[in-house]
Amino acid sequence: CIKPNIAWNRTPDMAATTNPDAVAEVVKMCLEAGASRVVVLDNTCHKAEQCYPKSGIQSAAEKAGAEVILPGTRSFRKTRITGGMVIKEWELFTDILDADKMINMPIAKHHGLSKLTLSMKNLMGCCGGNRNRFHQDLGGVLTDLAQFFKPDLVIMDAIRIMTANGPIGGNLEDVVRRDTVIAGVDQVAIDAFGASLFDVDPMEIPYIAEGTKRGLGTPDYASLTPIIQTV
C-alpha cells in the first residue's frame with residue numbers, strides 16, 4: 001500500500017499533493033521487487049473524484065500498474081489504536097490495515113495549524129470519521145497514528161515544497177524547487193530533515209517533539225549518517 005498526499009484539488013505544480021511521477025516510480029519499484037499487487041489511496045479533504053485526477057496521481061499510478069482506490073469505494077474499520085495516548089479507537093482505511101507493507105509518501109509543505117505537513121501528518125489520510133476532532137491535540141494524535149502504523153518505508157517528496165498558505169495553497173509564488181527526495185525508516189528523522197528545508201527547528205513541530213519523547217526516532221538525522229546523492 002502506497003499512501004501519498006492526494007488531499008486537495010490541486011495540480012502537481014502547486015505542491016499541495018505528492019509528485020505523481022515519484023508515486024509512479026515507487027509503484028514500479030514495488031512491482032519489480034515482487035509485489036503481487038500495489039494499491040494507492042488517500043482519504044481526501046476535497047472530493048476524491050476531483051483530487052485523484054487533478055493531482056495527476058491517479059493516471060500516473062494506474063499507468064505504472066497500481067490499483068488506485070477512492071475512499072468512497074472502500075470501507076473504514078473501527079480499530080483499537082494500540083498504545084494510543086490521545087485516541088484509543090478510530091475508523092481506519094481497511095485496505096491499509098490489510099496490506100502486507102505500507103509506504104508513506106507525503107509531500108513537505110507549510111501548514112497553517114501544524115506549521116508543517118510532513119510524514120506523520122500525512123497519516124491523517126489513513127483515517128475516516130470526523131477528523132476535525134484531531135485538531136484538539138494534533139501533536140498527540142499524529143504521534144498515536146505514527147506509533148500505530150509504523151510505515152515500513154517513508155519517502156518524502158520535497159521536489160517542490162510549499163512555503164506558505166498551506167496546506168491547500170494555490171499560488172505558484174509560494175512554491176520553491178528543492179529537487180529533493182528523503183527516504184528512510186525513522187519517521188522522526190525524516191520529518192526533522194524535512195523541517196530543515198524550511199529552516200524550522202524540528203522541535204517546534206508538535207508531532208516531532210512528541211514522537212521524540214515517545215522514542216519513535218531521533219530528530220538528529222545527521223547522527224544516522226545519511227547518504228546524500230545529488231543528480
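Which residues of α7 are buried? Here are some notes on that and a few other spots, with the reminder that this is a predicted model.

1. Helix α7. The buried residues here are Q187, V188, A189, I190, D191, A192, F193, G194 and A195. That makes 9 of the 10 residues in the helix, which spans 187-196, so α7 is largely enclosed by the rest of the structure. The cover over these buried residues includes the strands β8 (115-117), β9 (153-162) and β10 (175-184), along with the helices α5 (119-122), α6 (138-149) and α8 (206-213). Do have a look at the start of α7 too: a side-chain oxygen of D186 comes to within 3.0 Å of the backbone nitrogen of V188.

2. Helix α6. This helix has 12 residues and runs 16 Å from its first C-alpha to its last, close to the 16 Å expected at 1.5 Å a residue. Since 11 of the 12 residues are buried, α6 is largely enclosed by the rest of the structure. The buried set is L138, G139, G140, V141, L142, T143, D144, L145, A146, Q147 and F149. Among the elements that cover them are β5 (89-93), α4 (94-97), α5, α7 and α8.

3. Most residues other than glycine have a negative phi, and a couple of places here are worth a second look. K150, which follows α6, has a positive phi of about 40° although it is not a glycine. K150 sits in the loop between α6 and β9 and counts as exposed, at 53% relative accessibility. D199 is also a residue other than glycine with a positive phi, near 55°. You will find D199 in the loop between α7 and α8, and at 74% relative accessibility D199 counts as exposed.

4. A cis peptide bond. Most peptide bonds are trans. The one from G166 to P167, however, is cis, with omega near 15°. P167 belongs to the loop between β9 and β10.

5. The second largest pocket. About 600 Å³ of space lies in this pocket. It is lined by 23 residues, and those closest to its centre are C1, C30, V38, K101 and I103. Elements that give two or more residues to the lining are α1 (20-32), β6 (103-105), β9 and β10. Of these, α1 provides the largest share, with 5 residues. By class, the lining of the second largest pocket has 16 nonpolar, 6 charged and 1 polar residue.

6. T17: buried or exposed? T17 lies in the loop between β1 (2-4) and α1, and with a relative accessible area of 1% it is buried. Leaving aside neighbours within four places in sequence, T17 is in contact with N5, I6, A7, W8, R10, S55, I107 and D157.

7. P226. This proline is found in the segment after α8. At 36% relative accessibility, P226 counts as partly exposed. P226 and A183 are 43 residues apart in sequence, and their C-alpha atoms are 9.7 Å apart in space.

Conventions
Residues are numbered from 1 along each chain as its sequence is written. This is a predicted model: local features need pLDDT of at least 70, side-chain atom pairs count only at pLDDT 80 or more; totals for chains, interfaces and linings use all residues. Side-chain values use heavy atoms; hydrogens and water are left out. Buried means under 20% relative accessible area, exposed over 50%, partly exposed in between (1.4 Å probe, protein chains only). Helices (H or I, at least four residues) and strands (E, at least two) are DSSP runs, numbered from the N terminus. Contact means heavy atoms within 4.5 Å. A polar contact is a pair of N or O atoms within 3.5 Å; within protein, one must be able to donate a hydrogen and the other to accept it, and residues adjacent in sequence count only if both atoms are side-chain atoms. On a 1 Å grid over the protein atoms alone, a cavity is a set of points where a 1.4 Å probe fits but cannot get out, and a pocket is an open set with protein on both sides within 12 Å along at least five of seven lines; lining residues have an atom within 4 Å of a point. Grid points are joined across faces, edges and corners, and a volume is the space filled by probe spheres set on the points. Ala, Val, Leu, Ile, Met, Phe, Trp, Tyr, Cys and Pro count as nonpolar, Asp, Glu, Lys and Arg as charged, and the others, Gly among them, as polar. The expected span of a helix is 1.5 Å times one less than its number of residues.
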